[in-house]
Each structure stands twice: as structure tokens, then as C-alpha cells.
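Q: I have a structure here that I would like to go through with you. Could we take it piece by piece?
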Amino acid sequence: MNTSKSFIKLKATLDLQLGDKLLIGKLANSATNPNLGYIDVFFEIEDGVVLIPNPLEFTDSEYNKKPQVFIRGGYENYEKEYSYDNLFLFKARINTQSSDKGACRFTCVYSDNGLIQHSKMLKEYAFIAEISQEEFNEHDIKNIVDSHKIESYENDFQDTPHFFQINTESKRILGPLISNDNDKAIFHGPRNTMTYVFWNSRQLSDYQTFLCNYKGFENNIVSVNINGITRTFLINLESFYLGKNGKARNQDFTVIDLIPENCLINEFYKSTDKISAIKPYQKSKVKEWLDNKGIKLDPTRKSRVYTLLTDYEKNQEAINEIFKKVLDSDAAEPLLKKIANEDEELYLERYRDKENIKIEKIRSETIRQKEEIEQQNDAVKLELSKKQQELTTLNKEKNTLQNKINEELRLKLENVELSDEYQNMLSEKNKELSDINNKIEASIKVFGHYTELEKLKNKKNDLDEDIKYLERRKKEQEDSNKTEKEDLNKTIEGLKNQAKQETSVLATTYLNHQIISDIQNYDHYKYIQEQQIESNNTVRNVATISEPHQEFTTDNCNANRKAVVNAVTTRLTLSQNLCNCLSLT
């Protein structure tokens, strides 16, 4: 759902930031401390959607189940502007100050550097609307003759800009409604023609309102307990107008004319006053007279005016008929003549006597009431005098008792000061004081050059900074040494491997040169021995390599000859052939 226009406007007005909450609530005092101000939260508006707040988001306490926000500043201004009876909108922020467990997680202020932090429940902010506790009657609404009344309107608070009624049986809602200026029990649509932004900008005439179906939209009607009273509200008015597909459900809205009878007559006379050529009203020609094109009334209102004028005409005819029958009767005629001609003075005298009796009765009653008031005043004065005397006596007794108590306390105090126990305790305290003074003097000797506590604190801070610096340098040095040691170990290991390889190469090279030199100098016999081999029943002598008598190592100068020859043979692949050739020589 798109963010509502009302929310976008209010968000800009209150400068809502990330983490801020937009709430609806009422002022409240702390249950334990009347000097602390809170706001009880009943609704939360999130991205334009009205929600019932979760108490666990507002407090850490397991005992306080009511969402509240602590007023950090401007409580008196809130109280002056909204009192304790009116709902209002306000912005709350996370409580960043340290607090005891159970304190509010959110705070608010009346003004933040001149920026607005709250707002009244204005008509353009169509978030919630109160629903009357008295339901309307479908028949009375559709067949309205006189005026629409809410008999128990005093049970409603009407602290939201829009006010509604519902009928739970038919699942229909009526509104918005306002009370009439002359009779608070009469309700009708707004007096001035207005456009409802939250209902697709539909326009209504004076005193008109909507009758619409809320079946399938029961979630838009919620009940909330406010100060111990269960109240019902219509929430999210903009989304209420839209259907499930997001399109306006115009077919569910019917315009209802709730103009009261007296307001209808006024509208009628305003319309006729503007017509200069209208014919005078003629008896028994109500319909023809109302058909004048200059009378600008819609058909429904004209029909109601016709009913009113017809009924009035019938009533007037009935009254005139009664008077006519009385005056035309035989018994009335002589009586009227006697009053008019002969007994005029007697009639007037009787009338005066009757009025004089009423006046005298009123005067006597006034005198009696005045005497009663004077007697009551005397009794009150006498009672007041007695109470004053009793109060004077009590004050004297109080002063006497107070003086007696003070004297007893003085004597007990003197006895205590003279007692051995008091003297011993005083001596101990003096000794403790002396020890403390000695410690202070010793401290002064150590820290005497710090004449002020602030200097000592600054010195301690400097020392703390030096220690932190040294610790940081120590850690940096340790890290540096560790890195250098690792690099050195790698270098040593590399050198060892390199030395080992070079030693092996040198030893191998030396031995290669040695064996080649021995062969060149015909000293090859030292590597050869004869061995008898039997083949085809013939035994013959064959030259073979001598068996080693020492293990071969690269760092042994007297290395085993066979191992050397094997190494050379492996590399050159000719040593064995050479040895065979030498054995045949």
C-alpha cells in the first residue's frame, strides 16, 4: 500500500528521522511520582499505517504492561495545550540516557530547538476516528423526518477530528458526524461543503455524510482501553475507502442527508430570499409554490420541506377550526358580549387580584427564604466562633506540650553529654578524627604540590595516557620483534638448506673427480674383486664391484667406493662396461 498523503505531510512537519516513532496518546502522571510526566501510547503510525503498539517495545519492566513515553522536557507546555483529556500526535525517540531497569525506552520533548515535535488531531491527518458507543438505527437513517439524535452522546469523547456510528448487525458505518450548535444531541454531516482527501476526494454538501459497508474491513475497527474505558475507533481511513484490489469501492458508499429540521427551514428561507419574483405563498398550494425553479434545493430536501409545510398548514387549520367552533357556539356569544361591554371592570379587577395574589405569594416566599438564610448565617457564625475558641485552646495546649517536650529533651541531652559513655564515644571520635587528619597530612606531603583536586586529577589522567602510550609501544615492539624473528628463522632455514645442497654438490663433485682420477691413473683395481660364477657346468672368474665396508655419507672423505661408483654408474651408465673391459685386459 502506498504511503498516505497524511503521513507524508506530518512526517515533513515533525521532521521524522530513522528510528523515530510517530505515536498517538494522552498525557499521564507517574503512579509513584506525580512530578514525572508521561504520555500513554494508544496507537503507533508506521509508514502511514496505524497499529496497536506492543508494550514490550516501550519498557523493560515485566510489571508495566502499558506502553508509555517519558517526557524529557516541556511537560507544562504539553499540559497547557492538550490537558489530560485530548488525544494528540507526537514524535518519540530512543532514550539514549542511562536508566534503571523498567524505565521508558522512548522519550519526547515539547520543542527541540524550535522544531515542532507534536500536533493536534487535525482533519487532514485522517489516521483514526472515534466511533460512538451508541449504534444507529438503519430505519431511522433511511427515513429521517426530523433530526438524527444520539441520546447518550455524553458517553462519547469526540476528541478526534472525525466521529462515526456503526450498526453491528448490518455491518454498516455512518459518518463523519458533528454535533449541532443548538442541540448537542443532534448529529449531522459537516456544515461546510468539504472534500474528503482520505476518501478519494469525494465531496459532500452541507450536513451530508456517508453510509457505507464495512464487511470485510473489520480490522479497521478496533477497541482500545483508555483510562479504564473501552473505546472504539475506525483506523486507517484512507485504506478503508479502498477495496482489496486497491481501487476505490464507490459502490459501497451512499450519501445520506442528515440536515436537521431547523437547519432545513433556514436553508429554505435563504433560498427564497434570493428570489425577487417569487409569488406569495398561497394556502393549499404548497407543491406549486415549491416547484419554483428559483428555489435551489435538491429533490430530497424539497420533499422534506413539503412535508413540513403541509403538516404546519394542517395544524394551523385544526387550531383555527377549534377557535372558530368555540367562538361560533351559542354559549360563547353572550359571554363574550358581557366581558366586552358590561363586566369589563370586573374582569380586569379579578385579573389584577389574581396577579396580586401571585405577586404577594412570591414576595412572602422571598421574605421567608431571606429569614432562613439569615438564621443559617447566624448559626454558621456561632458555630464558627465556637470552632475558633476550640482552635485557640488547642493551640495553647500544643504550645505548652511543645515547651514541655523541649525542656525534657534539653535535660536528657545534658545528661547524655555528661555521661561516661558519651565522653568515651566523643574521645573515640576525636581519635578517629585525629587519625584521619594525620592521613591527610601524610597525603599532603606526598601530593602537596597538587594544591587542587583538579590538578591531581589532570596529573592522573596524564599518567594514564603515558601508561597507555608505553603499553602501546611495548605491543608494537613485541609485534616488530616477532616479525623480525620470523623473518630471521626463515633466512636461517634457507641458508641451512642452501649449505646442505652446496655441501652435497661439493662432495659429489669431489668424489666424481676422485674416481675419474683413479681410473685415469689405472688405480681401478681397488674397486674390483674376482668372483667365481658357475655357468653351463663351467666355473669362471668374473670381475665385480667390491662390497662396501663403510656407510656412504656426503661429509665423509673416506667414502665407500662402491657407493661412489654406483653414483657415478647411475649418472654415466658406463661404469659397469668399463669394469668388464678392465677385467678382460
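Q: In what sense do strand 18 and strand 19 pair, and over how many bridges?
A: This is a predicted model. In it, strand 18 and strand 19 (residues 229-235) pair in the antiparallel sense, over 6 bridges.

Q: Which residue of strand 19 is the bridge partner of Ile 226?
A: Ile 226 has Ile 229 as its bridge partner in strand 19. The hairpin of these two strands has 2 residues between the strands, and Asn 227 takes a positive phi there, near 55°.

Q: Which sheet does the pair belong to, and what is its strand order?
A: The sheet is an open one of 7 strands, in the order 18-19-10-11-12-17-20, and its pairing is mixed. Strand 18 (221-226) and strand 20 (253-257) stand at the edges; each has a single partner strand, so one side of each is left without a neighbour in the sheet. On average, neighbouring strands of the sheet are turned by 35° against each other, direction ignored.

Q: How do strand 10 and strand 11 run, parallel or antiparallel?
A: They run parallel: 2 bridges join strand 10 (residues 128-131) to strand 11 (residues 163-167). Ile 131 has Phe 164 as its bridge partner in strand 11. In general, the strands of a sheet pair through backbone hydrogen bonds, in either the parallel or the antiparallel sense.

Q: Changing topic: how many salt bridges are there in the whole structure?
A: A search of the whole structure finds 20 salt bridges. One of them joins the side chains of Asp 20 and Arg 93, at 3.2 Å from N to O. Asp 20 lies in the loop between helix 1 (5-14) and strand 1 (21-29), whereas Arg 93 lies in strand 5 (residues 88-94), so the pair ties together parts that are 73 residues apart in sequence.

Q: Buried or exposed, what is the state of Asp 20? And what about Arg 93?
A: Asp 20 counts as buried, at 19% relative accessibility. Arg 93 counts as partly exposed, at 32%.

Q: What does Lys 26 form with Asp 159?
A: Lys 26 forms a salt bridge with Asp 159, and the closest N and O atoms are 3.9 Å apart. Lys 26 lies in strand 1 and Asp 159 in the loop between helix 3 (138-142) and strand 11, so this pair ties together parts that are 133 residues apart in sequence. Both Lys 26 and Asp 159 are buried.

Q: Which residues are linked with them in a network of salt bridges?
A: The network of salt bridges links Lys 26, Glu 130, Asp 159 and Arg 231.

Q: And where do Asp 40 and Lys 66 lie?
A: Their side chains meet in a salt bridge, at 3.7 Å from N to O. Asp 40 lies in strand 2 (residues 37-46) and Lys 66 in the loop between strand 3 (49-51) and strand 4 (68-73), so the pair ties together parts that are 26 residues apart in sequence. Asp 40 is buried, with a relative accessible area of 4%, whereas Lys 66 is partly exposed, at 39%.

Q: On to helix 2: which of its residues are buried?
A: The buried residues of helix 2 (residues 75-82) are Tyr 75, Tyr 78 and Tyr 82. Seen down the helix axis, they fall within an arc of 60°, so they line one face of the helix.

Q: Why would residues three or four places apart point the same way?
A: An α-helix has 3.6 residues a turn, so residues at that spacing point the same way.

Q: What do the buried residues of helix 2 pack against? And which residues are exposed on the other side?
A: The buried residues pack against strand 1, strand 2, strand 4, strand 5, strand 6 (106-109) and strand 9 (118-119). On the other side of helix 2, Glu 76 and Lys 80 are exposed. Ser 83, which follows helix 2, has a positive phi near 55°.

Q: What is Ser 119 in contact with, leaving aside its neighbours within four places in sequence?
A: Ser 119 is in contact with Leu 10, Tyr 82, Phe 88, Leu 89 and Tyr 125. Ser 119 lies in strand 9 and is buried, with a relative accessible area of 11%.

Q: Last topic, the cysteines: how many disulfides are there?
A: The count comes to 0 disulfides. The sulfur of Cys 104 has its closest cysteine sulfur in Cys 108, 9.3 Å away, which is too far for a bond. Cys 104 counts as buried, at 11% relative accessibility, and Cys 108 is buried, with a relative accessible area of 3%.

Definitions and conventions: Residues numbered from 1 in each chain as written. Predicted model: local features only at pLDDT ≥ 70, side-chain atom pairs only at ≥ 80, totals over all residues. Heavy atoms only, no water. Disulfide = S-S within 2.5 Å. Buried < 20%, exposed > 50% of the residue type's maximum accessible area, 1.4 Å probe, protein only. Pairing = 2+ DSSP bridges. Helix = DSSP H or I, 4+ residues; strand = E, 2+ residues; numbered from the N terminus. Axes fitted to C-alpha atoms, helices over the stretch in contact; angles between N-to-C directions. Salt bridge = Lys/Arg side-chain N within 4 Å of Asp/Glu carboxyl O. Arc of directions from axis to C-beta. Contact = heavy atoms within 4.5 Å.
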